[in-house]
Amino acid sequence: MSQPGGPASVVVMGVAGSGKSTVGAALADRLGLPYLDGDDLHPPANLARMRAGLPLRDDDRWPWLDAVGAWLAGRSGGGVVACSALRRRYRDRLRAVVPDLVIVHLHTTDPDLLRRRLAARRGHFLPPALLDSQLATLEPLEADERGVVLDLALPVDDLVRQACAAIAPSSDAPAGADD
């Protein structure tokens, strides 16, 4: 997004159980943007690998990340995608096709909270056993990455409100109010 209040391309990132899908859908609804759960773009081989309890390798991720980036790039009015985007190089690959990308990182310092969420989740392809590999892979946002880190333990409405403020910090203020 080039200006506050303009189209936004947003990735809601985090490890399994962080609430990416829930927050991403609510954020897209609040912003009036299309939403996609990035998991829907995984090729069958990736899903089979994860169902078997095997973490994805970078070679498995590149085509998936390219599909996520293409979906965002194809939305001239913006869009929101839930996508783990755990490493800097994955986010850089997305930014290569969507330079104005905003990252909303749902984070916690309590891995037990994530384990409890995963244990309660039914019907998802990713087994809870892969959480540790995701936590080991996770690279936090760096200072030069446009985005915000939010405490995933907060209620969804609070997370959406904070994400909206980070995406368009002056959208609720009159033009020039922050000058």
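This is a predicted model: local features need pLDDT of at least 70, side-chain atom pairs count only at pLDDT 80 or more; totals for chains, interfaces and linings use all residues.
Biologist: Starting simple, how many helices and strands are in the chain?
Modeller: The chain has seven helices and five strands.

Biologist: And what pattern does the chain follow along the sequence?
Modeller: Going along the sequence, you get β-α-β-α-α-β-α-β-α-α-β-α.

Biologist: Okay, what pLDDT does the chain average?
Modeller: The average is 85, and 84% of the residues score at least 70. Over residues 1–5, though, the pLDDT is below 50, and that stretch has eleven contacts in the model beyond near neighbours in sequence. Residues 170–179 are also below 50, with three such contacts.

Biologist: Switching topic: where is Ala85 found?
Modeller: Look in the loop between β3 (78–82) and α4 (88–97).

Biologist: Is Ala85 buried or exposed?
Modeller: Ala85 is buried, because its relative accessible area is 0%, and the cut-off for buried is under 20%.

Biologist: Which residues does Ala85 touch, leaving out those up to four places away in sequence?
Modeller: Ala85 touches Val11, Met13, Tyr90, Arg91 and Leu94. There's also Val12 to look at: the C-alpha atoms of Ala85 and Val12 are separated by 8.5 Å, although the two residues sit 73 residues apart along the chain.

Biologist: What about the phi of Ala85?
Modeller: The phi is positive, about 40°, even though Ala85 is not a glycine.

Biologist: Let's talk about the core. How many residues does the largest nonpolar core have?
Modeller: That core has 45 residues, and the ones with the most contacts inside it are Val10, Val11, Leu27, Cys83 and Val104. Helix α3 (residues 58–73) gives the most to this core, with six residues.

Biologist: Pick Val104, then. What does Val104 touch, again leaving out residues up to four places away in sequence?
Modeller: Val104 touches Val10, Val11, Val12, Met13, Leu27, Val148, Leu150 and Ala163. Val11 is on the list for Ala85 too.

Biologist: Zooming out, how much of the chain do buried residues make up?
Modeller: Buried residues make up 44% of the 179 residues.

Biologist: And what share of the contacts with a separation of 6 or more comes from residues 24 or more positions apart?
Modeller: Those pairs account for 75%.

Biologist: Last one: what does the accessible surface of the chain come to?
Modeller: About 8,700 Å², and 52% of that belongs to carbon and sulfur atoms.

Note on methods:
Residues are numbered from 1 along each chain as its sequence is written. Side-chain values use heavy atoms; hydrogens and water are left out. Helices (H or I, at least four residues) and strands (E, at least two) are DSSP runs, numbered from the N terminus. Buried means under 20% relative accessible area, exposed over 50%, partly exposed in between (1.4 Å probe, protein chains only). Contact means heavy atoms within 4.5 Å. A nonpolar core is a set of buried Ala, Val, Leu, Ile, Met, Phe, Trp, Tyr and Cys residues joined through side-chain atoms within 4.5 Å. pLDDT is the predictor's confidence in each residue, from 0 to 100. Accessible areas come from the Shrake-Rupley method with a 1.4 Å probe; for residues, only the protein chains shown count as cover.
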